[in-house]
Amino acid sequence: MAKKVLGISFGRKNSNCDMMVKCALMECEKEGCETAFIRADDLNITNCNGCISCVIGLMSGRGRGYCVRHDDFDILDECVMQSDGLIIACPTYETSATGRFKTICDRIGPSHDITFRKAAYDEGKAAGKPESELPDARAFNKRSAALISVGGAMTENWVALTVPMMYEFTFPMAIDVIDTVEYYGAMAFENVAGNAPMMERMKKVGQNVVASINAETEEERIAWRGDEEGCCPICHTRLLQVSHDKKSVDCVVCGSHGTLKIVDGLIDVEYTPEELDRSRLRWGGKLEHSTEIKTQAQPSGTIKNLKELKAPYVAYNPGIFPVDESANGNLKK
Ligand SMILES: Cc1cc2nc3c(=O)[nH]c(=O)nc-3n(C[C@H](O)[C@H](O)[C@H](O)COP(=O)(O)O)c2cc1C
């Protein structure tokens with residue numbers, strides 16, 4: 001059966017992200033894959049309202065881990081579940097991914113975290129529940145992805161947060177990112193279709209995803225195929241956060257704790273194997289998080305006088321500032 005590759009563009013219709021994803025997908029098709037394409041703005045997907053019933057359902061065994069609302073997220077979810085590989089491109093807005101991208105990541109959220117899902121699946125199965133009452137077992141299939149960020153600015157640091165943020169799409173479902181591309185300076189071309197080297201790189205993205213999903217071994221499947229090794233051996237990004245005591249660093253994407261070293265004048269980060277296993281991109285890091293939530297989140301009804309404690313804040317509502325008619329604002333008169 002042909003392997004399936006799903007392309008998702010968060011960009012404008014027929015603009016850079018669309019072209020780049022389609023170029024990579026066409027390469028996948030050439031190599032025998034079945035492909036599908038979604039432009040995120042064509043889907044009607046509402047924001048997560050934070051009710052957490054998806055994840056409470058998983059933890060209690062009463063739910064399958066889905067949102068109480070049915071909207072076009074279900075279409076995206078179905079396509080992801082069918083896919084073996086994903087190619088995702090997102091524009092940079094204000095140095096990071098777009099609002100639509102974040103909306104979709106929030107909807108993926110903890111309910112798609114495979115450690116939550118697997119526990120619910122295994123416990124439900126052991127209790128004799130039918131498959132229809134369990135989380136979608138396709139969630140546990142291995143998948144590989146390439147992430148592409150696009151920025152109009154000519155300066156690379158104006159796209160700095162986009163690729164790191166794009167891991168929010170892949171890490172809950174343990175989709176392995178095997179290639180990333182940061183395309184900045186996009187406004188120097190009317191459209192990326194006129195940027196031959198970047199379109200060549202997109203063909204390579206397609207080839208890399210195909211090589212990964214067709215790999216014979218797991219080691220080969222998850223092998224990093226990006227241009228640079230980065231600062232973290234797991235996510236290969238370069239985004240580090242300095243600890244409060246300024247003695248160590250964390251990989252922002254993975255959460256793994258490392259030690260900064262200068263070797264032959266070059267910055268290097270050393271991570272212990274234990275810390276790498278705590279990466280939220282790996283089972284260990286995800287399990288640590290789902291366990292802390294399961295064991296430490298205080299159930300409702302615990303604080304007996306909560307209604308009373310909240311009352312002054314519930315009653316307090318200063319409202320908005322009165323309109324300043326003398327200022328040059330943008331409110332419709
Ligand atoms: C609201 C907004 C904010 C933007 N902020 C940035 C930015 O911080 N850095 C950057 O490089 N480009 C920025 N851009 C430019 C877009 O990344 C650029 O237009 C990109 O090509 C959009 O992708 P698309 O062509 O696939 O739609 C911004 C564009 C918009 C609309």
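**Figure 1. Gly-109 follows helix α4 with a positive phi.** The model shown is predicted. Phi of Gly-109 is near 45°. The helix before Gly-109 is α4, which spans residues 99-108. Five residues of α4 are named here as buried: Phe-101, Ile-104, Cys-105, Arg-107 and Ile-108. Viewed along the axis of α4, these buried residues fall within an arc of 160°, so they line one face of the helix. An α-helix has 3.6 residues a turn, so residues three or four places apart point the same way. The cover over the buried residues of α4 includes helix α3 (73-82), strand β3 (85-91) and helix α6 (162-170).

Figure 2. Helix α2 itself covers residues 53-60. Its buried residues are Cys-54, Val-55, Gly-57, Leu-58 and Met-59. They pack against two helices, α5 (114-126) and α10 (283-296).

**Figure 3. Ile-52 has a positive phi without being a glycine.** The value is near 55°. Ile-52 sits in the loop that joins strand β2 (34-39) to helix α2 (53-60). Is Ile-52 partly exposed or buried? Ile-52 has 15 C-beta neighbours inside 10 Å, so it counts as partly exposed.

**Figure 4. Glu-94 is another residue other than glycine with a positive phi.** Here phi is near 50°. Glu-94 belongs to the loop between strand β3 and helix α4. Because Glu-94 has 10 C-beta neighbours inside 10 Å, it counts as exposed. Strand β3, at one end of this loop, is part of what covers the buried residues of α4.

**Figure 5. The ligand is surrounded by 18 residues.** The closest are Gly-11, Pro-91, Gly-151, Gly-152 and Ala-153. Pro-91 is also within the residue range of strand β3 (85-91). What is the make-up of the shell around the ligand? Nine of its residues are nonpolar, seven are polar and two are charged.

**Figure 6. Domain 1 and domain 2 divide the chain.** Domain 1 runs over residues 4-227, and domain 2 over residues 233-295. Their C-alpha centres lie 22 Å apart. How many residues does each domain bring to the contact? Domain 1 gives 13 residues and domain 2 gives 13 residues. On the side of domain 1 that touches domain 2, α5, α6 and β5 (176-183) each supply at least two residues. That side has nine nonpolar residues, three polar residues and one charged residue.

**Figure 7. The whole chain contains 11 helices and nine strands.** The radius of gyration is 22 Å, close to the 20 Å that the globule rule gives for 333 residues, so the chain is as compact as a globular protein of that length. Taken along the principal axes, the C-alpha atoms fill a box of roughly 70 × 65 × 45 Å. Of the 333 residues, 38% are buried. Among contacts with a separation of 6 or more, 67% join residues 24 or more positions apart.

Definitions and conventions: Residues are numbered from 1 along each chain as its sequence is written. This is a predicted model: local features need pLDDT of at least 70, side-chain atom pairs count only at pLDDT 80 or more; totals for chains, interfaces and linings use all residues. Helices (H or I, at least four residues) and strands (E, at least two) are DSSP runs, numbered from the N terminus. The radius of gyration is taken over C-alpha atoms; the globule rule is 2.2 Å times the number of residues to the power 0.38. A residue is buried if 20 or more other C-beta atoms lie within 10 Å of its own, exposed if 12 or fewer, and partly exposed in between; C-beta atoms are placed from the backbone. Two residues are in contact if their C-beta atoms, placed from the backbone, lie within 7 Å. The arc is that of the directions from the helix axis to the C-beta atoms. A residue is near a molecule or strand if its C-beta atom, placed from the backbone, lies within 6 Å of it. Ala, Val, Leu, Ile, Met, Phe, Trp, Tyr, Cys and Pro count as nonpolar, Asp, Glu, Lys and Arg as charged, and the others, Gly among them, as polar. Domain bounds come from an automatic or database domain assignment.
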